[in-house]
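Hi,

Here's the structure I promised to pass on. Have a look at it first, then read my notes below.

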Amino acid sequence: MSGLSLFVQQSINGLTLGAMYALLALGFTMVYGIMELINFAHFSVFMVGTFVALYTFEAFGIFGQSTILHGLPLIGVLLAAFIVTMVVCGGIGMSIERFFLRRLRAVKGPASMITTIGISYILSNSVLLFIGGQGFNFPNPIPPVRFHFGQAVMQVEQPLIWVVSAVLMLGLTYFVQATKLGKAMRATAQDPEAARMMGVDVDRVILTSFFLGSALAGAAAVIFGLYYEYTNFYIGFDAGLRAFTAAVLGGIGNVPGAMLGGLLIGIIETMTSQFISTNWAEVVIFSILVIVLVFRPAGLLGRVAPNKS
Amino acid sequence: MPLDATSGLLLEFKNVNTYYGDLHVLKDVSYEIRHGEIVSLLGGNACGKSTTMKTVMGVVRPKTGTVTFDGTPIENMPTSERVKRGIAPVLEARRLFPRMTVFENLEMGAFMRKKGPEFHEDLERVYELFPRVKERRNQLAGTLSGGEQQMVAMGRALMARPRLICMDEPSMGLSPLYVEQVFDIIQTINKQGTSIFMVEQNASMALSIAHRAYVLQTGVVVLSGTAAELREDKNIREAYLGELQVEGAKAEAQ
Ligand SMILES: Nc1ncnc2c1ncn2[C@@H]1O[C@H](COP(=O)(O)OP(=O)(O)OP(=O)(O)O)[C@@H](O)[C@H]1O
Ligand SMILES: [Mg+2]
C-alpha cells in the first residue's frame with residue numbers, strides 16, 4: 001500500500017476507534033463534572049455491556065458471524081442490541097450510584113473513588129467466574145460489505161459506527177444544552193449548592209448523569225463487539241484507560257472535550273500502530289497526554305478550575 | 001410597627017440551633033419576618049449570618065427548633081419544596097452559574113415553575129428593573145462585572161416569583177455607587193410586595209432601608225428592634241456603625 005492509502009486507511013480506523021473512545025469518555029467526564037469523582041467502575045460497566053450485547057444477539061438466534069441479516073431484520077436486531085445494552089448498562093450505572101456512592105457522598109477523601117475501583121473488580125471477576133475467562137466470539141449479523149478508496153478499505157460497520165456515535169453525541173449535546181434537566185445538570189456541575197437553592201433535585205441530577213454516561217458506555221460496548229467481533233472479561237481496562245485518557249486530554253468535566261479527546265486518541269493510536277509500531281501506541285498516547293497536561297493542565301478544552309473553597 | 005406580633009407572620013425562627021458537626025453555630029435564635037417587611041440581620045464575620053440563610057433555604061437543617069413559613073413548619077422540608085412555596089435566595093458573593101448565560105441563570109431562578117406566559121411576564125419585569133441585565137442576556141454570567149452579577153442574582157431570585165427573598169450580603173465587594181443602586185432596587189422590590197430578609201455587614205446602609213433588624217453575635221441574637229431604634233442605639237453605633245464613628249472622629253480631629 002502507498003503511504004497515502006495507509007494514511008487514509010488509518011484515518012478511517014482511527015475515527016472508528018475514536019468514536020468509541022469518545023462515547024466511553026463522556027461517562028467519565030459527566031460524572032467528574034458533577035461530582036469530581038473518577039468513576040473507575042465505568043471500565044467494567046462497558047465490559048459487561050459487551051456481554052449484554054452478545055447475549056442479546058444470541059437471543060435473536062445470531063451466533064458468531066454465520067448469520068447474516070439484511071434490511072429491516074438487520075436494522076431491528078441492531079436497534080434492539082443497542083437499546084437493550086444501553087438500558088441495562090444505564091441501570092447498572094444508576095444502581096452503583098444509588099446503592100453505593102450516594103451513601104459515601106458526604107464523606108471527604110478517596111472513599112468513593114476506591115469504592116468504584118472495588119466495584120470495577122467485582123464486576124470483571126464476576127464475569128470471569130460466572131461466564132468464563134476465555135475470549136468470546138462476538139456475533140455480527142452485518143453483511144461483510146467493503147468500500148474501496150484507492151487501496152484503503154472501509155468496512156460497512158465503520159460508517160455505521162460513525163453515524164450511531166454522531167447521533168448519540170448530538171442527542172447528548174441537545175439534552176445538556178436545551179432541556180430543563182440538562183440545564184439543571186450544568187448548573188449542578190458549576191455550583192451544586194446554588195443549584196439546590198434554585199430547587200434542583202441534586203440526587204436526581206447525579207442519578208441521571210450516571211444513567212446517561214453508562215448508557216453511552218453500553219453503546220460503546222456494542223460498537224466494540226461489532227468492530228472487533230470479540231470480547232473477554234478484561235477488555236474494559238484497556239479501552240477504559242484510553243477513554244479516561246481521552247477525557248483528561250480534552251479537559252475532564254467538559255463534554256465537547258471528551259468527544260475531541262476520544263477522536264484524537266483513536267487517531268493517534270491507529271497512526272502510531274501503522275507508522276511506528278503497535279508496541280509504541282501506548283507510549284505515544286501517554287506521552288502526548290503528559291505533554292498536553294504540562295502545558296495545559298486543564299486539558300485541551302478545559303478551564304483551570306476556580307478555587308472553590 | 002404592628003403591636004400584635006403574631007399577625008401577618010411570614011417567616012419565623014423559634015429557638016433554632018444549627019450545627020456543623022460539633023460546631024454550634026446558631027444558638028437558640030428566634031427571628032420574625034412579617035409580610036411586606038425588610039428585615040436586616042447584622043453581625044460581624046463568622047457569627048452565623050450565612051448559616052441563617054442556609055437554614056431558611058434548607059441546605060442545612062437545624063438540630064432543634066422550628067422554622068415556620070406562612071404558618072407551615074418547613075424545617076424538615078426539602079429545599080425544592082421551600083422554593084416552590086415562595087422563598088428565593090440571593091446568595092453570598094452572587095454565586096451565579098458562571099458558564100451559563102445570563103438568560104439561563106434567570107431560567108434557573110424559575111426552575112420550580114412552569115415556563116408559561118407568567119415566565120415571560122416575570123422576565124419582562126426583571127428586564128425593566130435591570131436594563132443592563134437585558135443587554136447582557138446572552139453573555140456568560142462569569143464574565144460580568146461584580147455589580148452586573150449582583151443585578152443578575154437579584155433578577156434570578158425574582159424569577160421564582162417569591163414571597164420572601166433571602167439576601168446574603170448584597171453589598172459585598174461593590175463600589176459605593178453600586179451599593180446605593182442595589183439598595184434602591186431592594187426597596188423597589190419590597191414596595192412591589194416581596195418581603196426581604198437581608199444579611200448585611202454594612203449596617204448603616206442596611207438600617208437605612210430596613211424596617212427592623214436583628215444583631216447576631218457569635219450565633220446569639222443580642223439585640224433587635226426597629227431600624228430607627230437601632231440607629232439610635234449607643235452600642236450599635238459603637239460596634240456596627242464603626243464607619244460613622246471613624247468619620248465622626250476624623251471630623252472632630254480636624
Ligand atoms: N459547611 C461548613 N462546615 C463547617 N463549618 C462551617 C461551614 N460553614 C460555615 N461554618 C462555620 O460556621 C461559622 C459561621 O459561618 P457563617 O458562614 O454562617 O458566617 P457568616 O456570619 O456568614 O460570616 P461572613 O460574614 O464571613 O460571611 C464559621 O465559624 C464557619 O467557619
Ligand atoms: Mg456569610
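Keep in mind that this is a predicted model.

Let's start with a hairpin in chain B. Strand E1(B) (residues 9-20) and strand E2(B) (residues 23-34) pair in the antiparallel sense, over eight bridges. If you want a spot to check, find Phe13(B), which stands opposite Tyr31(B) in E2(B). Two residues sit between the strands of this hairpin, and Gly21(B) takes a positive phi near 60°.

Most residues other than glycine have a negative phi. Asp70(B), though, has a positive phi near 55°. You'll find Asp70(B) in the loop between strand E4 (64-69) and strand E5 (72-73) of chain B. Arg161(B) isn't a glycine either, and its phi is positive at about 45°. That one is in the loop between helix H6 (146-158) and strand E7 (164-168) of chain B. Buried or exposed? Asp70(B) counts as partly exposed because its relative accessibility is 33%, and Arg161(B) is partly exposed too, at 36%.

Then there's ligand 1. It has 14 residues around it, and Ala46(B), Lys49(B), Ser50(B), Thr51(B) and Glu92(B) are the closest. An N or O atom in the side chain of Lys49(B) is 2.6 Å from an oxygen atom of the ligand, while a backbone N or O atom of Gly48(B) lies 3.0 Å from a ligand oxygen. On its own ligand 1 exposes 630 Å², and the protein buries 62% of that. Which element gives the most to the shell around ligand 1? That's H1(B), with three residues. By class, the shell has five nonpolar, six polar and three charged residues.

Cheers

Methods:
Residues are numbered from 1 along each chain as its sequence is written. Chains are lettered from A and ligands numbered from 1 in the order in which they are written. This is a predicted model: local features need pLDDT of at least 70, side-chain atom pairs count only at pLDDT 80 or more; totals for chains, interfaces and linings use all residues. Side-chain values use heavy atoms; hydrogens and water are left out. Two strands pair if DSSP finds at least two bridges between them. Helices (H or I, at least four residues) and strands (E, at least two) are DSSP runs, numbered from the N terminus. Buried means under 20% relative accessible area, exposed over 50%, partly exposed in between (1.4 Å probe, protein chains only). A residue is near a molecule or strand if one of its heavy atoms lies within 4 Å of it. A polar contact is a pair of N or O atoms within 3.5 Å; within protein, one must be able to donate a hydrogen and the other to accept it, and residues adjacent in sequence count only if both atoms are side-chain atoms. Accessible areas come from the Shrake-Rupley method with a 1.4 Å probe; for residues, only the protein chains shown count as cover. Ala, Val, Leu, Ile, Met, Phe, Trp, Tyr, Cys and Pro count as nonpolar, Asp, Glu, Lys and Arg as charged, and the others, Gly among them, as polar.
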